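Have the viewer open and follow along.

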Amino acid sequence: MSGHGSSSSEKGVNTNLTCQESYACGGSEEAAFECDECSTLQCVRCDLELHSQECLQNHERLQISPGHVPYCDNCKGGDNGKCNRSVVRCQNCKVNLCQACQKRTHSGGSKKKHQLISYLPAPKHAELKSVQASVHQPTVQSVDEKKALKAKLLENVCSFLLVDENEEMQIEDDAVFVKKLNCGAGELLKVVSIFGNTGEGKSHTLNHTFFMGREVFKTSPTQESCTVGVWAAFDPFHNVVVIDTEGLLGNSSKQGQRTRLLLKVLAISDLIIYRTHADRLHDDLFKFLGDASEAYLKHFTKELKAATTRCGLDVPLSTLGPAVIIFHETVHTKLLGTDKSQESVDRLLLERFKKVSRFPEAFSSVQYLGTQTLTPPTDFCGLQNKLEQLLDNNATRSPRTPVVIFKALLALSERFSGEIGDELVGHSCFFPDEYFTCSSLCLSCGSGCKNSMNHLREGVCHEAKHRCRYSIHYDNRIYTCKACYEGGKEVIVIPKTSASSDSPWLGLAKYAWSGYVIECPNCGVIYRSRQYWYGNQDPVDTIVRTEIQHVWPGSEGFLKDNSNAAQRLLDGVNLVAQSVSELSVKPAKAVTSWLTDQIAPSYWKPNSLILLCHKCHAVFLENDTKHHCRACGEGFCDGCSSKAAPVPERGWGLGPVRVCDVCFEQRASHKAHEEEEEEEGGTLARKVGEAVTNTIGVVVTAIDIPLGLVKDAARPAYWVPDQDILSCHICRREFTAKLSKHHCRACGQGVCSDCSPERRAVPSRGWDHPVRVCTSCNQKNGEL
């Protein structure tokens with residue numbers, strides 16, 4: 001790096017350092033920041049452009065002030081690969097040099113006579129590191145001197161609110177967290193937290209154990225709890241994030257959420273202190289730790305693993321719980337296991353856990369430490385020594401950066417959050433499953449979802465432990481194609497009014513005649529409910545498998561409602577009413593023509609082949625009606641087939657039916673020919689078909705009826721009733737006479753036209769052709 005910079009002639013004063021990075025300025029501007037990771041001085045422009053890059057955003061930077069000591073310009077970092085701080089500046093060479101580089105380059109030759117100016121001591125954060133190192137040096141002989149250095153190290157430490165009583169994070173991001181701790185982003189830290197009943201002196205214990213009695217965490221002699229929520233502070237002496245928590249058994253609202261918050265803190269801690277100030281150890285201590293252990297193993301180990309992957313953390317979050325110290329202070333009674341070995345004390349603890357049917361399996365260790373206070377103040381020396389011993393042990397839980405600590409707590413807070421009902425607070429367990437699992441219940445069978453809270457955010461669907469039961473109200477059956485299942489695939493099929501290849505009007509005609517259809521994406525149409533005149537089989541016995549599935553609140557169902565034939569017809573009628581001039585053939589004619597061909601006797605000429613009247617050769621126009629002679633089966637216009645005569649030989653019975661003029665004249669002058677063999681079923685189908693055609697013709701006349709009169713009768717079951725729709729489901733605008741209501745065909749909610757401009761097919765609801773959908777449903781990926 002270049003060694004630019006100038007300084008005044010006064011010894012140790014450096015007033016104008018130049019940018020060493022030269023990334024944006026070319027090395028011409030005055031330095032304003034120093035980056036530890038880059039090991040350079042940087043101007044405002046270089047700092048901004050460099051650290052706006054995602055890979056460099058977490059670099060720790062220090063604003064330069066007068067007297068700042070820069071890095072060495074010539075230093076190669078030696079064995080550790082890092083640049084050293086400068087001790088002198090060569091006025092002749094215009095470079096900053098550390099002690100090693102000064103000896104290497106200026107100890108001999110002509111440079112020996114160069115003018116060197118010494119720098120002042122390192123800036124404040126470096127000075128703290130120096131003090132920290134000095135405190136830990138065994139060469140410091142005086143206890144008072146050591147205390148003085150430690151006090152200097154702790155003099156600026158203060159606590160801050162990390163999470164409030166509503167489980168809401170009070171720190172915006174990891175950068176703010178590092179700033180609040182007043183430590184380096186790359187420092188490796190451990191976390192120590194404290195638990196216990198309210199009024200047991202938890203804050204007081206932390207202040208004396210870590211901060212030499214300074215009131216870093218607030219204490220109060222009043223009855224009210226002095227700690228609400230979770231507070232944190234950084235102990236630079238031990239490189240520990242110290243966390244103070246709210247007391248148990250306090251009288252407060254949202255007790256369930258506050259209790260759940262304690263387990264989140266426990267999950268990110270390396271060591272926890274359970275503080276109890278009682279002559280005897282109470283059962284609630286062992287119940288709390290036992291319940292916390294069970295909940296940690298059941299709900300948190302999996303989430304911590306997922307958070308490691310999801311947050312892209314380099315250091316894996318330990319799935320082994322923290323070490324526990326039970327700090328027991330007595331006045332009138334002896335300590336647990338007095339005059340007994342440590343092994344005996346551990347055995348006594350396990351017996352107490354067993355007595356309340358709890359087991360601390362999640363914790364790496366559970367140790368007891370007692371102190372008897374006959375005359376105040378409390379002696380915390382034993383606790384300090386025990387903590388230092390456990391903090392030095394990295395075998396089970398390694399230190400990690402503050403960024404990893406913050407992201408772990410944030411991941412747990414986002415996953416396990418939400419209101420907890422009052423009925424759960426009185427639970428015999430400190431951490432019941434309901435605190436951490438999804439609260440949704442199946443509407444059909446009442447079974448609860450077994451997945452963790454907020455799992456839908458991760459794209460994980462609801463899942464129950466038990467099988468569901470069938471409910472007529474929800475019709476919670478799903479069908480899968482049997483042929484696909486036997487081929488190793490599970491494909492859900494849905495009964496609907498028409499196949500995806502059918503046009504809307506012809507699909508309705510087929511529905512009216514042949515019934516509902518079941519269509520498989522792989523196998524095509526596999527079933528029609530009225531495919532034959534007799535002998536139709538139940539699809540469950542032939543082509544589909546049936547399963548009963550759970551009905552979850554807020555879901556759109558599993559077997560979608562497809563009984564929307566009436567509404568589809570109205571949609572088609574509405575389309576005709578609005579744009580009949582754009583259609584080449586009226587829907588009623590198209591349906592009648594198709595239906596005629598479907599059920600016509602075998603001797604009839606198909607409508608699609610009839611272009612001219614068989615007698616007068618008049619060309620049929622779009623709206624002209626084609627008539628079939630019941631005797632010869634040819635197509636005629638109305639004028640050439642106005643006569644009626646019996647045609648018993650074709651199976652039409654003895655009553656007169658439509659015949660063409662030619663056939664009528666032949667029958668009048670000649671005897672009927674010998675009856676041709678014709679299966680009665682063919683004409684029977686036609687007779688039934690004429691009734692169906694007439695019915696469809698009547699329905700088509702709905703074009704002349706106000707649609708509002710028939711909407712209620714035609715509405716699918718999943719649609720929200722009109723009278724319940726007061727405002728748009730998307731934009732919340734109130735509906736008025738000028739703002740029309742529309743239904744989204746996917747979700748059934750009422751929306752305005754501005755919030756439903758798109759058209760998409762909704763096969764799951766039986767709409768195989770583009771229909772109105774709201775903007776929310778239109779944004780969903782995949783098939784609706």
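## Strand E10 and its partners

Start with E9 (residues 230-235), which pairs with E10 in the antiparallel sense over five bridges. Keep in mind that this is a predicted model. To get your bearings on that pairing, find Ala233, which stands opposite Val242 in E10. E9 and E10 form a hairpin with four residues between the strands, and there Asn239 takes a positive phi near 55 degrees.

E10 also pairs with E8 (residues 190-195), this time in the parallel sense and again over five bridges. Here the spot to look at is Ser193, which stands opposite Ile243 in E10.

## How covered is E10?

E10 spans residues 240-244 and is mostly covered, with five of its five residues buried. In a regular strand, side chains alternate between the two faces of the sheet. In E10, Val240, Val242 and Asp244 point one way, while Val241 and Ile243 point the other way, and all are buried.

## Arg258 in helix H7

Next, hop over to helix H7 (residues 255-268), where you'll find Arg258. Arg258 counts as buried because its relative accessibility is 13%, and the cut-off for buried is under 20%. The Arg258 side chain makes a polar contact of 2.5 Å with the side chain of Glu246.

## A nonpolar patch

Last stop is the surface: Tyr470, Ile472 and Ile548 make a nonpolar patch of about 300 Å². Ile548 belongs to strand E18 (residues 544-548). With 31% relative accessibility, Ile548 counts as partly exposed.

Methods:
Residues numbered from 1 in each chain as written. Predicted model: local features only at pLDDT ≥ 70, side-chain atom pairs only at ≥ 80, totals over all residues. Heavy atoms only, no water. Patch = residues over 30% accessible without salt bridge, like charges linked within 9 Å, V, L, I, M, F, W, Y side chains within 5 Å. Areas by Shrake-Rupley, 256 points an atom, 1.4 Å probe, with all protein chains shown as cover. Salt bridge = Lys/Arg side-chain N within 4 Å of Asp/Glu carboxyl O. Helix = DSSP H or I, 4+ residues; strand = E, 2+ residues; numbered from the N terminus. Buried < 20%, exposed > 50% of the residue type's maximum accessible area, 1.4 Å probe, protein only. Polar contact = N/O pair within 3.5 Å; in protein donor to acceptor, adjacent residues only side chain to side chain. Pairing = 2+ DSSP bridges.
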